[in-house]
Amino acid sequence: MKKIVAFVGSNRTDGYSAKVVDQIKKGAESEGAEVTVFTPGKMNISACQGCMYCRQGKGCIIKDDDMTEVYAALDKADGAVFAMPIYFGQMSGQMMTLVNRLYPLAPPAGMKKAVTVYSHGAPAGMYQKYIDMTDPLFKALGMDVIKTLNAGLTSKMPEDQEKELLEAAFEAGKALAE
Ligand SMILES: Cc1cc2nc3c(=O)[nH]c(=O)nc-3n(C[C@H](O)[C@H](O)[C@H](O)COP(=O)(O)O)c2cc1C
């Protein structure tokens, strides 16, 4: 059975990051995968200390926060989902704190499939440059982004656009689990 780990970078339980991840989860589960969802903003995750201890290949020097659970889950995972709300033109602070703490995964032993999700209030094209810059960075963590979902206009998304987004999310979940 394929294992997928998803990170919801927004604390809003009814936000688009959560909604889209829920559909990705359903899609992956429809293919028999097991999906574990983490909400970093609701977890005890300390900021990276920048000490470079992880460069010795012995993991992170911080051993007593919730990242221990995240590292273990990612180690067993076949794929991952990173859902990033856009705050001030970039991923939310809670998501960036998590991503920085994934530095011990670099350089990766192998590649896992990943799906990224960007949610923001601006029209869809607004953050394309940020997406183009951010998606490739996940490669350094062993995450090969197979699908990027761009959820724009989140405060007033037209119904047909939301339907299309959630359908694409379901399909992305299926692809992750293949
Ligand atoms: C602190 C903060 C900063 C934000 N900055 C931006 C921004 O720079 N550009 C934008 O389009 N939307 C911005 N937004 C709107 C969010 O991106 C939008 O509400 C998005 O849907 C949040 O993701 P969620 O639905 O998963 O919670 C901001 C929201 C917050 C709370």
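Okay, hi everyone. Before anything else, remember that this is a predicted model.

Let's start with the whole chain. We've got five helices and six strands, and if you walk along the sequence they come in the pattern β-α-β-α-β-β-α-β-α-β-α. The radius of gyration is 16 Å, close to the 16 Å that the globule rule gives for 178 residues, so the chain is as compact as a globular protein of that length. The C-alpha trace spans about 50 × 40 × 25 Å along its principal axes. Of the 178 residues, 39% are buried. And if you take the contacts with a separation of 6 or more, 79% of them are between residues 24 or more positions apart.

Now, helix H2, residues 67-76. Which residues of H2 are buried? They're Met67, Val70 and Leu74. Looking down the axis of H2, those buried residues fall within an arc of 55 degrees, so they line one face of the helix. As a reminder, an α-helix has 3.6 residues a turn, so residues three or four places apart point the same way. On the face of H2 turned away from the buried side you'll find Glu69, Ala72, Asp75 and Lys76, and those are exposed. What covers the buried side? Strands E1 (3-8), E2 (34-38) and E3 (79-87) are included in the cover.

Helix H3, residues 93-100, is next. Here Gln94, Met95, Leu98 and Val99 are buried. Seen down the axis of H3, they fall within an arc of 135 degrees, so again they line one face of the helix. They pack against E1, E3 and strand E4, which is 90-91.

On to the ligand. There are 15 residues around it, and Ser10, Gly15, Ser17, Pro85 and Thr154 come nearest. By type, the shell divides into six nonpolar, eight polar and one charged. Helix H1 (16-30) and E3 each supply at least two residues of that shell, with E3 giving the largest share, three residues.

Let me finish on Ser17, which sits in helix H1. Is Ser17 buried or exposed? It counts as buried, because it has 28 C-beta neighbours inside 10 Å, and the cut-off for buried is 20 or more. Leaving out residues up to four places away in sequence, Ser17 touches Val8, Gly9, Ser10, Ala83, Pro85, Val117 and Ser119. Take Val117: Ser17 and Val117 are 100 residues apart in sequence, yet 7.0 Å apart in space, C-alpha to C-alpha.

That's it from me, thanks.

Technical notes
Residues numbered from 1 in each chain as written. Predicted model: local features only at pLDDT ≥ 70, side-chain atom pairs only at ≥ 80, totals over all residues. Buried ≥ 20, exposed ≤ 12 C-beta atoms within 10 Å, placed from the backbone. Helix = DSSP H or I, 4+ residues; strand = E, 2+ residues; numbered from the N terminus. Arc of directions from axis to C-beta. Contact = placed C-beta atoms within 7 Å. Near = placed C-beta within 6 Å. Nonpolar A, V, L, I, M, F, W, Y, C, P; charged D, E, K, R; others polar. Rg over C-alpha atoms; globule rule 2.2 N^0.38 Å.
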